[in-house]
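Good morning, and thank you for the time. I would like to speak briefly about backbone geometry in the chain on the screen.

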Amino acid sequence: MTEALLDPLPGLILLPLAWGIAAFLLGPGRGAAPAIVTLSLQFLFCLQLTHQVLADGPATHPVGGWGAPLGIDLMADGLATAMLLLTQAVALPLAVYARAYFRPGAPEARHFWPLFGLLLAGLNGLFLSADLFNVYVTLELVGLAAVGLVAMGGGAGQIAAALRYLFATLLGSGAYLLGVALIYGSYGSVSITTLEPLVAAHAPTLVGLAGGLMLLGLMLKTALFPFHFWLPPAHGGAAAPVSALLSALVVKASFYLILRLWLGPLAPLSALHPLLPWLPALLGTAAIFWGSWKAIRALRLKMMIAYSTVAQLGYLFLIFPLLGALGGLQAGIMQAFAHGLAKAAMFAAAGVLIKATGQDTIAGLAGAAQKLPLTLFAFGLAGVTLMGLPPSAGFLAKWQLIEAALGQDCWLIALVALAGGLLAAVYVFRVLRQAFLLTAPESSLQPVPRSLEWAAFALASASVLLGLRGVELMQLLHVGWAG
Amino acid sequence: MSTGLLFALVGAALFPMGVAGLLVQRHLLRRILAFNLMGSGAFLILVGLAQRQDVADPVPQAMVLTGIVVAVAATALALALTRRLYALTGRLELPDVEHD
């Protein structure tokens with residue numbers, strides 16, 4: 001047990017599980033302090049793992065010493081380690097934020113900490129899974145915890161959004177499970193590394209069907225256009241720390257799986273037809289334009305940010321025609337980091353603005369900049385990342401995407417990326433313009449805890465500063481890259 | 001025809017029925033039942049397809065046991081949310097999406 005806790009691989013799953021259960025035992029609304037302390041430890045574990053993976057290559061751990069195929073193997077290559085790093089980097093400031101956001105004893109915060117712990121255990125488990133069935137179980141854990149978090153407010157709108165989300169996520173994982181069943185029936189294995197040569201050697205039609213089902217189910221869970229219908233009510237209706245977690249991390253988990261399948265076991269199938277990788281890119285393009293349009297027209301602040309998530313997820317799918325070279329993958333993961341940090345910051349800043357003004361329309365933000373300059377600065381910095389202005393991580397992601405696109409003669413993708421940045425500028429400036437309006441001094445704002453503002457600011461500055469330190473992240477992705 | 005293949009074919013019939021129910025039905029209880037039908041279809045395929053020469057493979061059976069636990073948890077969560085929605089609105093259908 002102690003040995004397992006010192007190894008980062010099982011530790012990253014056991015620790016959040018432990019503080020989630022501890023928070024449940026402590027009672028409703030409690031457990032913030034152990035969560036924050038353990039999250040810091042998880043973050044250190046992640047840094048240690050990053051160091052280890054960079055030095056010695058992919059790390060593995062057979063759970064309980066059993067080993068595959070009888071037991072479960074955990075595996076961390078460069079891609080998985082990068083996603084783990086993003087998860088802990090977003091979760092830690094959000095935990096500090098949530099501690100100040102939920103008043104002690106507030107009914108809407110009764111189950112936040114246990115669900116948060118379970119969500120993180122599921123996410124970390126998902127990134128570390130080395131077989132398709134373990135992925136299914138962690139996918140469901142993440143989905144159920146996320147639905148619980150959406151329903152936490154307890155209002156009719158939130159319950160309806162949670163149910164709609166639950167049905168979407170169950171349908172997605174059901175399609176994925178059927179794909180796993182067909183693959184096991186064809187090859188008698190679910191290990192990702194074992195499957196790769198088997199599929200490459202012989203792939204009957206049944207496996208093509210299985211691959212299609214798995215990718216379709218995961219796209220539904222990633223809310224790729226036109227499967228995004230469940231996302232805006234769920235992300236826009238939940239409490240601010242929950243929206244931040246869902247938009248920054250949960251949708252990235254299923255994207256990571258699509259990437260892992262596409263580059264791994266399903267690679268021989270996606271190479272069958274040259275136009276196949278253009279299908280996700282086409283849907284991504286539609287997502288960028290539709291999501292941005294809805295964000296520009298949204299009346300409520302959190303709905304605007306939720307539709308912006310629909311648009312930003314579109315960029316992640318633009319990379320699929322470019323995955324022949326490492327540059328495409330690097331652009332996608334950089335975009336996942338940029339959006340994860342910036343969107344968490346934006347929802348956190350929106351939570352401050354909503355608490356201060358007591359309402360959540362964009363029109364009602366007039367004068368907020370005079371009273372809450374730090375929050376508005378955080379919102380603006382996050383906006384800089386979403387628009388892709390230098391020196392932010394968003395700029396680096398777009399730069400790499402455009403470079404990879406032009407290098408492979410896909411200038412259409414470069415055009416879409418540039419147009420999306422302009423559209424993002426329109427919806428970010430809509431909010432900022434309103435907030436910087438001068439109002440009569442009697443308009444009063446509720447006081448908000450300073451730690452809320454600083455947590456939002458920390459996330460936003462991380463999303464910008466990562467642009468200056470992107471090289472390390474790019475190196476990490478070299479580890480385990482097969483192409 | 002072997003028993004395993006028969007199981008898999010029944011599963012292949014159940015799964016799309018469940019998906020259709022989940023998409024088309026409006027009554028929440030029917031949708032929850034449809035989800036369970038879909039899950040059972042996938043489980044039957046998982047067990048049936050892996051069974052060669054009528055020798056049972058234990059690995060997919062362990063997987064299906066895990067899958068059943070997940071499905072029970074998901075059903076319980078869906079029922080709890082449905083009850084809550086009924087207590088709040090008196091309806092067993094999801095309201096139409098508000099356009100914002």
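I begin with A:D409, which counts as exposed because its relative accessibility is 69%, over the 50% cut-off. Please bear in mind that this is a predicted model. A:D409 lies in the loop of chain A between α18 and α19, the latter helix spanning 411-435. Its backbone deserves attention: phi of A:D409 is near 60 degrees, a positive value in a residue that is not glycine. For context, most residues other than glycine have a negative phi, and most peptide bonds are trans.

Where else does chain A show a positive phi of about 60 degrees in a residue that is not a glycine? The residue is A:A223, and its place is the loop between α9 and α10. Is A:A223 buried or exposed? With a relative accessibility of 1%, under the 20% cut-off, A:A223 is buried.

I turn now to the peptide bonds. The loop that holds A:A223, between α9 and α10, is also where A:P226 is found, with α9 covering 205-222 and α10 covering 231-237. The bond leading from A:F225 into A:P226 is cis, and its omega is near 0 degrees.

Which two residues are joined by a cis peptide bond with omega of about 5 degrees? They are A:P390 and A:P391. A:P391 sits in the loop between α17, residues 373-387, and α18, residues 393-407.

To close, the cis bonds discussed are those from A:F225 to A:P226 and between A:P390 and A:P391. Thank you.

How values were computed. Residues numbered from 1 in each chain as written. Chains lettered and ligands numbered in written order. Predicted model: local features only at pLDDT ≥ 70, side-chain atom pairs only at ≥ 80, totals over all residues. Heavy atoms only, no water. Helix = DSSP H or I, 4+ residues; strand = E, 2+ residues; numbered from the N terminus. Buried < 20%, exposed > 50% of the residue type's maximum accessible area, 1.4 Å probe, protein only.
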